[in-house]
Amino acid sequence: MENKWELLESSNEEREKIWRKNRTFAGDVWFRFRHKPTAIAGLVLIVALLAFAFIGPYFTKYSYSNQNLDVVNIPPRMTVYVTKDESGYLYITQSLKVLWVNRDGTLGEQLPRLREEADSSMIIFDCNGEEVGLYYGITPYLIADPETRVIYETETVWNKSYILGTDSLGRDILTRLMYGTRVSLLVAFVAVAVNLVIGIVFGGISGYAGGMVDTVMMRIVDIISTIPLTLYVILIMVLMGAGIQSIIIALGTTYWVDMARVVRGQVLSLKNQEFVMAARTIGSSTKTILLEHLIPNAMGSILVTVTMLIPSAIFMEAFLSYLGIGLQPPLASLGTMCNDATENLRTCPYQLFIPAAVICLIMFGFNFIGDGLRDALDPKLKK
């Protein structure tokens, strides 16, 4: 065994050398955040949704408001009839309109109903309903073989013209989903930005001042939190009218109370620490202590609260739009799309499931990011 081991040379410098890579606070947070798979999955999901909402509309040829009543309630996957010559397919809509479908799954023109829309002199029928005369050289399309009277074979093809189908007014669901996701995210981000500013200022002053000032300010927060948000929205709509600005103002004037409570609690726990006493000793002002010492040290809890408020604001906007007191047509949001889909829920369930699935993805994405930030910003979990 003595021949298999060799003594390595060492020096005092190597003994004192720190072999672990030195990282800043932000670098350490990012290191722990990216080593949490669910947090990275949530971040990738949110980035993909942002690209879908803000970049996707530039790659579609449809508008969120244009209506085409010839293609009402067309599903993403269609059951079509194969024509006799196998040159294409025929699709029958819920309103009993016949659409030509190409072999690649794209929709063609609507075929005329000769017996209802054409001139009565064009086709003559006998008492059995069989054609005995035809004028102008127009041949009707049939979904059954006229000789054997057997319905043509059916196939299931993907709708290549409208990937996610159309709604009850013939509007492209994919395009409306892009704009709806954009509106919902925009409402959430603006509302959370307002809540962030008001909540940090109000909670910071309340926690740092303490005493009677803290008591009065917290009672104001209690009064605001006891009034239902729906009542705020109705009152604001009476004054400003329905629209996206009413929802943003309603969310901005009520959601900051949770942020204020979180900031107040953090400031109360930090204001008696040694670094705050040192700042007071050197004559730092209250503004400097709050903005440069207390708030930065409470940023971990603030960021986690923000990531939790975003999905809550999106869900509240969707709920208000679902009740019909949010955005007005033809503007689209995830809530209005769910509201419009309830009329055709039994016949076209995809119209409800698609926007509801996007809402769930947004919820999961921000909740995963919030959990990752909570673990990354917690110094007790640092290894």
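**View 1. Helices H13 and H14 meet.** In this predicted model, the axes of helix H13 (residues 334-341) and helix H14 (residues 350-377) come within 8 Å and cross at roughly 150 degrees. Axes here are lines fitted to C-alpha atoms over the stretch in contact, with angles from 0 to 180 degrees between N-to-C directions, and helices are DSSP runs (H or I) of at least four residues, numbered from the N terminus. H13 and H14 are therefore roughly antiparallel, a term for angles over 145 degrees.

**View 2. The residues between H13 and H14.** H13 brings Leu334, Met337, Cys338 and Ala341 to the contact, while the residues from H14 include Leu352, Pro355 and Ile359; contact means heavy atoms within 4.5 Å. Sorted by type, the contact residues are 10 nonpolar, 1 polar and no charged. Nonpolar covers Ala, Val, Leu, Ile, Met, Phe, Trp, Tyr, Cys and Pro; charged covers Asp, Glu, Lys and Arg; the others, Gly among them, are polar.

View 3. You will find 0 disulfides here, a disulfide being a pair of cysteine sulfur atoms within 2.5 Å. The closest cysteine sulfur to that of Cys338 is in Cys360, 9.2 Å away and too far for a bond.

**View 4. Met316 and its contacts.** Met316 sits in helix H12 (residues 299-322) and is buried at 19%. Leaving aside residues up to four places away in sequence, Met316 touches Leu229, Leu251 and Tyr255. Leu229 is 87 residues from Met316 along the chain, with 9.1 Å between their C-alpha atoms.

**Notes.** Residues are numbered from 1 along each chain as its sequence is written, and side-chain values use heavy atoms, leaving out hydrogens and water. Local features need pLDDT of at least 70 and side-chain atom pairs count only at pLDDT 80 or more, while totals for chains, interfaces and linings use all residues.

Note on methods
Helix = DSSP H or I, 4+ residues; strand = E, 2+ residues; numbered from the N terminus. Parallel < 35°, antiparallel > 145°, perpendicular 65-115°, else oblique. Buried < 20%, exposed > 50% of the residue type's maximum accessible area, 1.4 Å probe, protein only.
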